[in-house]
Amino acid sequence: MHQEQEPEVTTARTLPVTLPADTDLVVVGAGIAGLCAALAAAEQGVRVVVLDAHQPGGRAATISRDGFLLNVGPHALYRAGHLSRVLTTHGVQPAGGVVSGTTVGVLRNGVAQRVVLGPIGVLRNPVLRPKSRLRMAALFARVPRMKTAALAGRTVSDWLGDEPDDLQRFMEMFIRLSTYTHAPDQFDAGAAAGQLQLALKGVLYPHGGWATLVASLRGLAEQAGATVIGHAEVESVTADGDRVEVRVGDQRVMARATVIATGGPDTAARLTGTAVDARNGLTEPIAASCLDLGLRRVHEGIVLGMDQPVYLSPHAPLADLAPAGQGLVGVLRYLSPGESPGEPAASRALLFDVARAAGITEDDVVMERAMHRLVVAHGAPAAAGGGLAGRPNIEALGLGNVLVAGDWVGPSGLLADASAASGENAGQAAAKLCARTRS
Ligand SMILES: Cc1cc2nc3c(=O)[nH]c(=O)nc-3n(C[C@H](O)[C@H](O)[C@H](O)COP(=O)(O)OP(=O)(O)OC[C@H]3O[C@@H](n4cnc5c(N)ncnc54)[C@H](O)[C@@H]3O)c2cc1C
């Protein structure tokens, strides 16, 4: 029998704070991209209001559970990346554990084998055939000096296609580790090689988690004059000539420009009613299943999957994220673009098998958090679009004074570095737009 649906009644929400009716720039979203945009614009003397639907931080937030500090899945800060540069040029030196070591566990057929990297280890690498070992030595020596732009427009599979099969799998393991991307047939080789180069310059696990980076960026933006407001979910952004109307519950803010830094292109489209074009430069979103394990003891050693796209890394005590004497390990399964993580219980079991192969037992575990599917980045640079240069730019909406920023935007960097670079770029561009409409 057909049932009549009750018409949906929507009422505008009343916010606990009164927003300014008028400002120069509204930044929507207070993750890495939004805070970098706010900082860059406020430094140009622009009045900036940042609105976030939740607490500032987005995917760079950190929560506390049973004495452990948990990022949104295992996070590493690239020391020579754009986010580090924004912080250090403003006098903030992130403190944390620097990931070092020339040994990794390589997981094949369910068994983790110790592999020593570097020139001497290469020649005894137990997971590569002798012929592949020499080729790998040559490839690893080439990567740091490689002109990565020359690889743009080729897929990772195409780039590594002449290498023996075992060496391809071995290289893909390190590409996954540094990019989080498991899409060799789509991912741009130039972007992949560039990120390998960046990873070789070192990564850091910040003490206290990524929330400390967010707190630093927020502090810098506020010092420069920006106002950051949480729990203010923006419902629409409407461009009208040289003004933009931003609606939040029963309030509205009029601005000269807006930067939408709400994560991915879909939210930007929903807020503005305008779809982002030029999306053929991106793969589907890059996602992962994660398992955080708080351990009663310290566990050491990174494990990388060679025949399956998985990773395990001890984040504490290297970084200060666990109670004294205990350890925190992140386990992750890289999903291919569009791949479903499967049933939560099966997915958790698969991740725990990786931990078991690394020598961790159920008895070691004092805290556990499984996250079934997390979006790591809203698309990786696709070879089909020409790589990094083919990603949508900050003006991708084509709405003049409504710009976008995030880990899917702009020609520089991957992951949080792309968010920081596009955020900074959008903030500077928005400041120029504001100056133009003021004069
Ligand atoms: C498991 C995992 C591991 C990762 N590892 C790394 C790593 O090792 N290194 C690295 O560099 N990067 C890593 N990343 C990626 C990194 O976390 C992201 O690229 C970065 O944090 C994205 O920042 P963003 O500001 O672009 O977006 P987000 O962090 O998604 O921020 C968007 C913000 O917008 C807000 N928002 C959304 N809609 C609205 C609305 N309507 N109104 C107001 N506010 C709104 C949200 O609340 C959120 O705060 C990882 C991510 C994951 C999930």
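Strands here are DSSP runs of E with at least two residues, numbered from the N terminus. With that in hand, welcome to a predicted model in which 36 residues surround the ligand. The protein covers 95% of the 1000 Å² of accessible area that the ligand has on its own, and the ligand takes up the space of the second largest pocket.

**Around the ligand**

- Among the 36 residues surrounding the ligand, the closest are Asp52, Arg59, His75, Ala76 and Ser419.
- Sorted by class, this shell holds 21 nonpolar, 11 polar and four charged residues.
- Domain 1 (25–59 + 212–281 + 382–438) and domain 2 (62–77 + 98–207 + 286–377) each give at least three residues to the shell.
- At least two shell residues come from each of helix H1 (32–42), strand E19 (365–377) and helix H11 (415–438).

- On the side-chain side, an N or O atom of His75 lies 2.8 Å from an oxygen atom of the ligand.
- A polar backbone atom of Ala53 is 2.9 Å from a nitrogen atom of the ligand.
- Gly58 also takes part through its backbone, with a polar atom 3.3 Å from a ligand oxygen atom.

**Backbone features in loops**

- Most residues other than glycine have a negative phi, and most peptide bonds are trans.
- His231, which is not a glycine, has a positive phi of about 55°; you will find His231 in the loop between strand E10 (227–229) and strand E11 (234–240).
- Ala316 and Pro317 are joined by a cis peptide bond, with omega of about 15°.
- Pro317 sits in the loop that runs between strand E17 (310–316) and strand E18 (327–335).

Note on methods: Residues are numbered from 1 along each chain as its sequence is written. This is a predicted model: local features need pLDDT of at least 70, side-chain atom pairs count only at pLDDT 80 or more; totals for chains, interfaces and linings use all residues. Side-chain values use heavy atoms; hydrogens and water are left out. A residue is near a molecule or strand if one of its heavy atoms lies within 4 Å of it. A polar contact is a pair of N or O atoms within 3.5 Å; within protein, one must be able to donate a hydrogen and the other to accept it, and residues adjacent in sequence count only if both atoms are side-chain atoms. Accessible areas come from the Shrake-Rupley method with a 1.4 Å probe; for residues, only the protein chains shown count as cover. On a 1 Å grid over the protein atoms alone, a cavity is a set of points where a 1.4 Å probe fits but cannot get out, and a pocket is an open set with protein on both sides within 12 Å along at least five of seven lines; lining residues have an atom within 4 Å of a point. A molecule sits in a cavity or pocket if more than half of its atoms lie within 2 Å of its grid points. Helices (H or I, at least four residues) and strands (E, at least two) are DSSP runs, numbered from the N terminus. Ala, Val, Leu, Ile, Met, Phe, Trp, Tyr, Cys and Pro count as nonpolar, Asp, Glu, Lys and Arg as charged, and the others, Gly among them, as polar. Domain bounds come from an automatic or database domain assignment.
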